[in-house]
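Hi everyone, thanks for making time this morning.

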Amino acid sequence: MDGDLIKLVNKLQDTFSNLGGELDMPQLAVVGSQSAGKSSVLETIVGRDFLPRGQGIVTRRPLVLQLIHTPSNPNNPYDEYAQFLHIDKKFTDFNDVRREIEAETFRVAGQNKGISKLPIHLRIYSPNVLDLTLVDLPGLTKIPVGDQPTDIERQIRTLVLDYISKPNCVILSVSAANVDLANSDALKLARSVDPQGRRTIGVLTKLDLMDAGTNALDILTGRVYPLKLGFIGVVNRSQQDINSEKPMQDALAAETEFFVNHPAYRNIAHRNGTKYLAKTLNQVLMNHIREKLPDMKARLNTLMGQTQQELNSFGEAAFLGDEHHKGSLILRLMTQFARDFVSSIEGTSLEISTKELSGGARIYYIFNDVFGHALESIDSTSGLTAQDIRTAIRNSAGPRPSLFVPEAAFDLLVKPQIKMLEAPSLRCVELVYEELVKICHNCTSAELQRFPHLHAQLIETVSELLRERLGPTSEYTKSLISIQAAYINTNHPDFIAGSAVAHSQQQTQAPRKPTDLPRKGLQAPIPEVPNGALANLDDDDDDASSTGGTTPGQGGARSVSSTIHDRVRASSSKVNGTASASSTPPPHLHHHSSRHRHGTASAGPGLEGASTTNPKENFFNAFFGTFSSSVISGSTAGTSPVGAKGRDLVGKDFVTSTDGQDSSTGLPSSSRISEGSNAALDMKSLSKHIEAISNDASNLSLREEREASLIRSLIASYFSIVRQTIQDLVPKAVMHFLVNYTSQQVQNRLVSTLYKPDLFKELLHEDETLVNERTRVKALLDAYKEAFKTLSEVNLKAT
């Protein structure tokens with residue numbers, strides 16, 4: 001039964017070596033310094049010369065040596081033979097075994113004296129051996145020799161520790177007797193993993209080479225370095241005996257004679273020698289196996305459960321034979337894929353990352369942070385210069401001089417600014433589309449990975465659905481921008497309030513000083529618009545509308561631009577009608593004209609008059625300039641102050657002919673000719689005349705500056721309204737047309753596209769690598785079950 005235990009372990013070791021099992025088998029590992037005699041000990045135990053020999057490191061791969069006792073058959077001359085696990089051949093000549101070991105070592109470890117962790121498995125069947133399993137490890141070395149790697153010491157040490165650190169490994173520590181035991185590298189390494197010496201056997205070699213008068217009796221009796229399993233001394237063949245091919249039987253007889261006749265070792269001769277070592281190792285290994293059997297069974301039970309779970313993840317191959325089963329499998333995988341896709345978007349997935357944003361959280365980040373910041377970074381008046389605004393106002397007025405800021409100019413300027421919101425909106429759609437594609441690629445499972453073609457088709461089908469929805473979503477997003485640009489709703493309550501606040505803040509700024517004006521002359525300071533003037537203006541209009549008065553500006557509340565335009569238009573009609581009937585100016589114009597004629601010599605009265613007049617009149621004075629009313633009044637009365645400079649109705653400078661200005665054109669004859677050229681006044685060359693006009697914003701008149709500032713404030717107010725609307729509508733459109741639609745239709749699209757019987761075979765084609773892995777795992781599971789069954793039947797009683 002003990003022999004069956006070792007054979008069972010050997011069988012399990014071979015099986016798990018091929019299948020890659022994780023079960024640690026009880027075994028004996030031979031550890032020792034280079035040239036300590038490890039190979040000689042093994043050859044003596046086997047009774048054959050079969051290991052490579054030479055200078056330097058010879059054992060460069062672990063050699064798993066399984067000794068199997070066979071009954072003696074006198075009629076069979078080849079009752080001793082060897083077999084390798086990597087080659088299906090029976091070796092009866094042990095010289096061929098040596099050459100095969102060397103060839104296999106060179107094949108894996110190379111020719112440069114390097115080492116490899118891949119073991120060589122060798123079985124030796126002989127009637128002269130006991131059942132035993134040994135692992136011959138490379139000898140410990142200190143200094144690289146020849147073309148060995150510079151870290152050869154670390155490599156060998158790591159390799160040896162991989163074996164001896166396992167609890168199921170019994171350490172056979174080989175040390176030379178002619179070297180101080182305190183310098184033994186093998187014992188030092190064994191102590192690092194077995195501090196109490198419970199699973200370490202000490203072997204002393206070269207006892208016959210010790211100096212005369214010295215012996216190793218104290219070491220062999222355990223008085224120097226105590227080990228639970230003790231020390232055993234052996235005497236191997238010398239190099240001369242090996243060269244002369246001394247028979248192994250003669251070597252064993254000489255060893256026995258040495259111990260019996262040695263005065264120090266004769267009393268312990270029965271506990272030393274190679275035969276005693278082999279018997280002890282056999283007994284130690286069997287006891288170790290019996291001791292570790294419960295642990296092996298528990299480990300096997302755990303490994304069977306893990307392997308069964310791994311096999312279940314691959315699925316059963318027999319399940320794919322039935323067409324009905326194929327259809328149900330594909331339908332189940334499609335449903336699971338669609339469910340994972342939707343749950344990733346909604347944030348209900350079971351595998352939620354805590355390291356980074358994923359799924360629907362990334363879509364929210366796009367809406368809130370990326371898209372929101374992109375809209376906030378857009379300047380509402382980007383690309384609009386004062387010259388552009390002045391040109392737009394003049395072009396919208398046509399051949400007529402403009403009294404007020406035209407609404408057409410505002411529409412013309414604000415529409416291109418609204419179009420700037422289109423690019424970030426479309427980019428928002430593209431980013432959400434890319435995130436949905438990424439979510440689709442991340443939806444997988446271990447079972448779905450069995451069928452790479454099905455997985456690829458699922459991803460392609462969902463990606464195609466997303467591509468189909470990308471077009472309508474982008475088109476609708478464009479239409480949102482076009483809708484905002486198609487109708488400029490200046491009656492929006494937020495626009496009225498925002499423009500009023502902006503204009504009030506503008507009027508609170510310091511006005512231009514008279515000394516900063518481009519023309520010299522006597523002028524009164526431009527009065528500021530009192531706070532609330534615009535509000536009072538609108539309130540008066542509302543009051544007039546409600547009471548049926550004759551105040552201009554009938555109708556509901558409109559934007560600042562519209563209210564100003566309507567009021568001035570009504571005032572102009574009233575002025576023209578009154579002049580034609582009685583040639584008498586309106587009271588407020590007559591009052592202002594009289595005050596201007598009598599108060600131009602002193603600025604104080606002018607300011608007092610401005611502060612006591614109607615707020616509407618103050619607003620007109622502030623917007624058009626102090627002298628605009630004087631011009632209207634003067635032209636009506638037929639009088640004009642001599643030498644005074646002011647503004648005409650279209651904002652151009654005018655002076656009398658006494659200042660050298662052409663009264664018919666309103667252009668200063670001296671300055672304009674010097675700034676431009678004679679061609680600028682040539683009526684036959686209009687293009688040169690237009691080119692001669694400066695584009696410098698600093699040359700804008702006071703009225704033009706106020707018009708440009710008002711237009712900018714109105715554009716900023718309306719652009720803010722549109723931006724808030726787009727920031728709210730674009731995410732809603734993307735969710736409706738792209739995200740929600742795809743989530744609702746993904747499973748229907750998968751079923752209608754892929755659930756076809758003629759595609760089942762192609763879709764359920766398994767990966768060859770996965771098939772091979774499943775076969776290996778199934779074989780490993782069967783081996784685990786067989787080993788567990790065998791171990792359960794073993795008689796654990798010691799014989």
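Searching the whole structure, which is a predicted model, turns up 10 aromatic pairs. One of them joins Phe 258 and Phe 259, edge-to-face, with 5.5 Å from centre to centre and 75° between the planes. Phe 259 has 2% relative accessibility, so we call it buried. Ring pairs also bring in Tyr 265, giving a cluster of Phe 258, Phe 259 and Tyr 265.

Now please find Phe 410 and Tyr 718. Their ring centres are 6.2 Å apart and the planes meet at 85°, so this pair is edge-to-face as well. Phe 410 belongs to helix α13 and Tyr 718 to helix α25, so the pair ties together parts 308 residues apart in sequence. Are these two buried or exposed? Phe 410 is buried, at 3% relative accessibility, and Tyr 718 is buried too, at 4%.

Rings also meet charges here. The charged end of Arg 469 sits over the ring of Tyr 741, 4.0 Å from the ring's centre. For Lys 166, the charged end sits over the ring of Tyr 163, at 5.7 Å from the centre.

On to the cores. The largest nonpolar core has 69 residues, and Phe 410 is among the members that touch the most others, along with Phe 337, Phe 341, Val 432, Leu 436 and Leu 750. Helices giving at least two residues each include α10, α13, α14 and α25, and α25 brings the largest share, 18 residues. Beyond its sequence neighbours within four places, Val 432 contacts Ile 363, Ile 366, Phe 367, Val 734, Leu 738 and Val 739. Apart from this core lies another, of 58 residues, including Leu 12, Leu 277, Ala 278 and Leu 780.

Notes. Residues are numbered from 1 along each chain as its sequence is written. This is a predicted model: local features need pLDDT of at least 70, side-chain atom pairs count only at pLDDT 80 or more; totals for chains, interfaces and linings use all residues. Side-chain values use heavy atoms; hydrogens and water are left out. A nonpolar core is a set of buried Ala, Val, Leu, Ile, Met, Phe, Trp, Tyr and Cys residues joined through side-chain atoms within 4.5 Å. Buried means under 20% relative accessible area, exposed over 50%, partly exposed in between (1.4 Å probe, protein chains only). Helices (H or I, at least four residues) and strands (E, at least two) are DSSP runs, numbered from the N terminus. Contact means heavy atoms within 4.5 Å. Rings of Phe, Tyr and Trp (its six-membered ring) pair if their centres lie within 6.5 Å; planes under 30 degrees apart count as stacked, over 60 as edge-to-face and the rest as tilted. A charge sits over a ring if NZ of Lys or CZ of Arg is within 6 Å of the ring centre and within 35 degrees of the ring normal.
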